[in-house]
Amino acid sequence: MSSPKIASLSWGQMKVQGSTKTYKDCKVWPGGSRAWDWRETGTEHSPGVQPADVEEVVKKGVQTLVIGRGMSEALKVPPSTVEYLEKQGIDVRVLQTEQAVKEYNALVGQGVKVGGVFHSTC
């Protein structure tokens, strides 16, 4: 099962292939996607993306995880999150969201078992 490509991205909205929903922030993995609701884990721009935010995607068996930090890179990714992913044997890539989506879609095209968490504003 492959990961769905990000079909479109603009400030405050993303569309994922295979989904009729428009997301502000989303999580994607092989075979699916859903809205990323920061309130579930108490995420804020700082300290940023926590291991609890990426755990769901990790459990889907991804080899690579791409994290989009927002259009202006306001969303932080602390070293503890990167270390958590690396300890799971996952290649992690942290990029500005537009670059993250390009990287993610390229990996999908290469057949990599990739997941992502993307923030589409700030």
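Me: Which side chain meets Arg93 in a salt bridge?
Reply: This is a predicted model. Side chains of opposite charge can pair when their charged atoms come close. For Arg93, the N to O distance is 2.7 Å. The partner is Asp91.

Me: Which residues do salt bridges that share partners join into one network?
Reply: Shared partners link the bridges here. The network is made of Lys27, Arg34, Glu40 and Glu56.

Me: Is Arg93 buried, partly exposed or exposed?
Reply: Buried means under 20% relative accessible area, and exposed means over 50%. Arg93 has 26%, so Arg93 falls in between. Arg93 is partly exposed.

Me: What is the N to O distance in the salt bridge of Glu40 and Arg34?
Reply: The side chains of these two residues meet. Glu40 is partly exposed at 46% relative accessible area, and Arg34 is partly exposed at 23%. Their N to O distance is 2.8 Å.

Me: How far apart are the closest N and O atoms of Glu55 and Lys59?
Reply: A salt bridge needs the nitrogen within 4 Å of the carboxyl oxygen. Glu55 and Lys59 form one. Glu55 is partly exposed, at 34% relative accessibility, whereas Lys59 is exposed, at 65%. Their closest N and O atoms are apart by 3.7 Å.

Key. Residues numbered from 1 in each chain as written. Predicted model: local features only at pLDDT ≥ 70, side-chain atom pairs only at ≥ 80, totals over all residues. Heavy atoms only, no water. Buried < 20%, exposed > 50% of the residue type's maximum accessible area, 1.4 Å probe, protein only.
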